[in-house]
Amino acid sequence: MATANLPHAANIIGAAVPRIDGPLKTIGTARYAVDYDFPGLAHAVAVQSTIASGRIRRLDVSAAEGMPGMLLIFHHGNMDKVYRLFPHQDDANMSEARPPFEDDKIYYWGKYIAVVVAETLELRIKNDADRDEGTNLPFSSRHLKECFTAGAEKICWKQHTPEPGSMRRNGKIIGWGLAGASWGAARIACSATVELCPNGRICVRCATQGIGTGTYTIFAQVMHAKTGVALDHIDVFLGDSSLPDGPMSGGSMTTSAILPAANNAVNSAIARLLNIATLTPNSPLFGAKPDTLTLSGGRIRTKEQEQAGMHGVAFNADDTPASRPPASGVPFEEVISLARLSGITATGRTFPSFEDPKAKAYSMHSFGAHFAEVEWEPEIARLRVSRIFSIFDCGRIINLKAGTNQILGAAVMGVGMTLLEETHYEARSGQPINGTFADYLVPTCADLPELDVTFLDYPDPIVNEYGARGVGEIGMAGMAPAITAAVYHATGVRVRELPVRIEDLLKSKVMDA
Amino acid sequence: MQTFEYIKATTVDKALAGANGGKFIAGGTTLVDLMKLSVEQPSGLVDINLLPLDKIEALPNGGLRIGALVRNSDLAWHPEVQKSYAVLSQAILSGASPQLRNMATTGGNLLQRTRCAYFREPNAGTPGGYGCNKRTPGTGCAALDGFHRMHAVLGTSEHCIATHPSDMCVAMAALEATVLVEGRKGKRTIAFADFHKVPGETPHVENALEPGELVTYVDLPKPVEGSRSVYLKLRDRASYEFALASAAVVAKVEGGRIRYIRVAMGGVGTKPWRSHEAEASLMRKAVDAAHFREAAEVALAAAHPRTDNAFKVELAKRCVVRTLKMATA
């Protein structure tokens with residue numbers, strides 16, 4: 001605190017004294033109500049009045065009482081007397097002039113009339129929202145509830161007994177925990193150029209990057225889907241600023257961003273190709289109407305030919321069996337050669353969702369649920385994650401292998417974040433003192449359990465024509481709460497600071513199996 | 001990294017002759033790291049990989065002679081080691097990674113230096129850097145009031161609390177190995193318990209080697225007939241991580257009573273920590289969890305924990321109890 005120009009003691013009242021900070025708050029270590037934990041803590045949902053004034057004549061709690069996971073419902077009918085002044089404490093009073101549950105009177109809109117205490121899974125399912133309450137917009141697509149129910153099915157949640165240390169397997173205590181996950185989705189600007197080449201190959205170009213998550217592959221998949229040209233005849237060029245503008249790789253937005261640009265570019269290129277096929281004098285399709293033609297299996301055909309003939313082309317050209325009958329139509333490269341062109345090029349763009357009134361009318365998010373299991377050996381304070389089931393609603397999945405691998409990688413980071421990773425700042429020098437991979441621990445394969453990833457694969461009708469929102473960070477979102485909940489279930493120790501350390505777990509009162 | 005001379009020695013004599021203030025290098029898994037960090041700045045390296053010290057041989061007395069250049073992997077997977085000295089095989093395989101074990105040698109493992117983060121800081125022991133009495137005697141110990149979660153609770157002094165990081169050495173302490181060394185003055189043998197030094201007032205003196213002396217062999221005594229041996233390592237990560245606490249136990253049970261017992265601990269001591277106190281407490285006692293806990297209590301009775309590593313005391317006790325159970329089951 002600055003000490004300059006402070007007034008003399010006699011004058012301090014009324015002077016502009018600099019604020020004395022609450023150090024706990026300024027260094028971020030102040031504890032709030034949510035930071036405290038109590039044994040056997042349950043969670044509750046408030047039922048609020050939907051009118052501003054009136055009287056509760058009847059409260060029908062029978063449906064809620066029949067729900068699995070419901071523990072207790074408090075309301076004015078079963079609460080004991082609510083005091084305004086505390087007995088024998090004249091100077092202590094309750095500032096709320098109209099306490100909830102006091103009686104059957106409603107004094108204001110939103111007054112608590114009941115509180116439902118429920119168990120974790122059911123609480124989440126019951127609490128599912130059909131609108132984004134932050135923006136008051138409908139979700140473009142949301143299947144969080146199904147993420148929970150599918151995950152509960154996989155881990156067999158109905159066998160869950162909530163008491164810490166109550167579940168055992170093979171002489172070890174096991175703990176289960178679950179958590180939801182969400183990650184925003186957006187379509188950011190992108191452009192891509194597609195070139196149909198006279199050598200029968202397709203080149204697609206975009207300045208976005210291939211960081212190993214499948215960007216090259218997705219471009220090629222779109223090209224193959226639209227033209228039928230084999231994947232090994234498709235060349236994807238990325239990662240050069242001389243290429244058409246592409247997005248950064250991040251925020252799980254690359255897939256949703258590149259798909260429309262790739263799709264628009266290849267569609268335009270095909271339209272040009274078909275047009276040229278009908279205008280080139282020595283083309284077998286000269287004079288035909290472009291809209292009667294189509295490109296499939298890398299060949300230009302009439303729509304009749306396409307319907308009649310085979311067009312189940314293999315992903316790779318070498319896979320085509322020799323025994324197949326000759327294909328109908330004309331190879332696209334033949335038309336390009338006949339027209340004496342060096343190639344047919346078209347550029348496609350992605351219109352950002354932030355500027356699209358249709359997209360802006362929706363809240364776009366991906367959703368997911370993690371179900372984690374830990375194994376706990378109290379005698380030696382050894383905790384290991386033994387199973388993780390992750391269920392995701394990320395829109396349509398363009399590449400199951402790439403998508404799954406992204407989630408697996410994120411899950412590994414989630415395990416590291418929860419159990420291992422921590423930067424220790426040397427208190428005197430401020431230096432991170434464990435700044436090497438020998439001292440800063442990330443998970444090894446031995447730390448990783450069976451990771452079971454499921455995509456619900458519901459196309460998002462708003463995000464783009466493929467319905468794909470993108471996959472990445474969401475695999476890590478929610479992982480730490482799922483594992484720490486499992487840690488609590490196994491050990492009875494509620495860890496509020498990551499990572500969970502052996503010294504925290506040594507406090508466990510759970511005894512050996 | 002500083003520049004250095006490099007020679008390859010083909011005989012022990014040539015290696016000793018070339019040692020002049022330099023360092024011997026075998027697997028290099030510790031030394032090269034430390035040279036990159038400027039912790040080690042040898043003027044010269046004598047590569048000893050060509051010396052004929054890479055054999056494991058049976059001794060006439062029923063023991064086993066391990067050449068100083070035997071790779072950790074070869075030692076851990078040697079059939080006689082797996083059969084008669086299981087604790088040693090388990091200890092080696094619990095350490096480092098397969099790649100490191102393929103390179104690291106028996107002699108090098110004995111001379112492995114501490115993982116103390118302050119010791120490994122390039123500026124430690126230099127003006128303006130962290131105090132480190134191992135690096136530069138008299139500069140103090142930054143770990144005492146710094147971050148010391150991984151540090152030792154046994155054998156510490158006001159001058160150093162650095163943990164000895166080896167797993168292999170903990171097993172060798174329990175097996176009562178002997179270290180054979182050779183210098184220009186001749187050959188000598190050093191009992192394992194005397195090989196490593198606690199820091200005391202001279203933390204820079206880590207072992208009994210004289211300048212220029214070379215570890216040539218480690219001898220294991222004849223296995224104790226009817227004994228069982230176990231190594232258990234507790235750590236933050238399931239693999240590729242140093243011990244928070246570990247235990248090596250060699251035990252022989254007859255008629256439900258303990259007739260032979262050796263207990264050593266890792267991850268908690270400034271040297272591989274043999275607990276004669278635990279052994280004395282267990283001899284002739286019935287195989288019983290309560291006796292094991294008593295032994296664990298006396299094994300850690302002299303512990304001097306600090307803030308971050310206080311949990312190691314309880315963890316080490318639990319480790320000793322579980323290892324005793326495993327070795328006597």
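Reply: Rolling a probe the size of a water molecule over the atoms shows where empty space is left. In this predicted model, the second largest pocket holds about 920 Å³ of space. Its lining has 33 residues, and the closest to the pocket centre are Leu41(A), His43(A), Thr120(A), Tyr488(A) and Arg494(A). On a 1 Å grid over the protein atoms alone, a pocket is an open set of points with protein on both sides within 12 Å along at least five of seven lines, a cavity is a set of points where a 1.4 Å probe fits but cannot get out, and lining residues have an atom within 4 Å of a point. Grid points are joined across faces, edges and corners, and a volume is the space filled by probe spheres set on the points.

Me: Before we go on, what should I know about the numbering and the cut-offs for a predicted model?

Reply: Residues count from 1 along each chain as its sequence is written, and chains are lettered from A and ligands numbered from 1 in the order in which they are written. Because this is a predicted model, local features need pLDDT of at least 70 and side-chain atom pairs count only at pLDDT 80 or more, while totals for chains, interfaces and linings use all residues; side-chain values use heavy atoms, with hydrogens and water left out.

Me: Which element gives the largest share of the lining of the second largest pocket?

Reply: That is α11(A), with 5 residues. At least two lining residues each come from α3 (120-126), β9 (172-184) and α11 (479-491) of chain A. These elements are DSSP runs numbered from the N terminus: helices are H or I with at least four residues, and strands are E with at least two. By class, the lining has 18 nonpolar, 9 polar and 6 charged residues. Here Ala, Val, Leu, Ile, Met, Phe, Trp, Tyr, Cys and Pro count as nonpolar, Asp, Glu, Lys and Arg as charged, and the others, Gly among them, as polar.

Me: Is His489(A) buried or exposed?

Reply: His489(A), found in helix α11 of chain A, is buried, with a relative accessible area of 3%. Buried means under 20% relative accessible area, exposed over 50%, and partly exposed in between (1.4 Å probe, protein chains only). Leaving aside residues up to four places away in sequence, His489(A) touches several others, including His160(A), Pro162(A), Met167(A) and Trp176(A). Contact means heavy atoms within 4.5 Å.

Me: How many cavities of 30 Å³ or more are found in the whole structure?

Reply: The search finds 4. The largest cavity has a volume of about 720 Å³, and 44 residues line it, with Leu441(A), Arg149(B), Met150(B), Asp236(B) and Glu241(B) the closest to its centre. β18(A) gives the most to that lining, 4 residues. The lining of the largest cavity divides into 24 nonpolar, 8 polar and 12 charged residues. The second largest cavity holds about 160 Å³; among its 20 lining residues, Lys134(B), His164(B), Lys197(B), Glu206(B) and Thr270(B) are the closest to the centre.

Me: How do I read the contact between the two chains?

Reply: The size of an interface is often given as the accessible area lost when the parts come together. Here chain B and chain A bury about 2,500 Å², with carbon and sulfur atoms giving 52%. On the chain B side, Arg237(B), Arg318(B) and Arg322(B) lose the most area to chain A, together 26% of what that side buries. Buried area is the accessible area (1.4 Å probe) that two parts lose on being put together, summed over both. The contact takes 29 residues from chain B and 25 residues from chain A.

Me: How many disulfides are there over all chains?

Reply: A disulfide is a covalent bond between the sulfur atoms of two cysteines. With the cut-off that the pair of sulfur atoms lies within 2.5 Å, the count is 0. For Cys156(A), the nearest cysteine sulfur, that of Cys147(A), is 19 Å away. The sulfur of Cys319(B) is 17 Å from the closest one, in Cys169(B), so it is too far for a bond.

Me: And what about backbone angles?

Reply: Most residues other than glycine have a negative phi, and most peptide bonds are trans. In this model, Tyr240(B) has a positive phi near 55 degrees, and Tyr240(B) is partly exposed at 41%. Arg284(B) has a positive phi near 65 degrees and counts as exposed at 53% relative accessibility. A cis peptide bond joins Leu498(A) and Pro499(A), with omega about -5 degrees. Pro499(A) is found in the loop between α11 and α12 of chain A.
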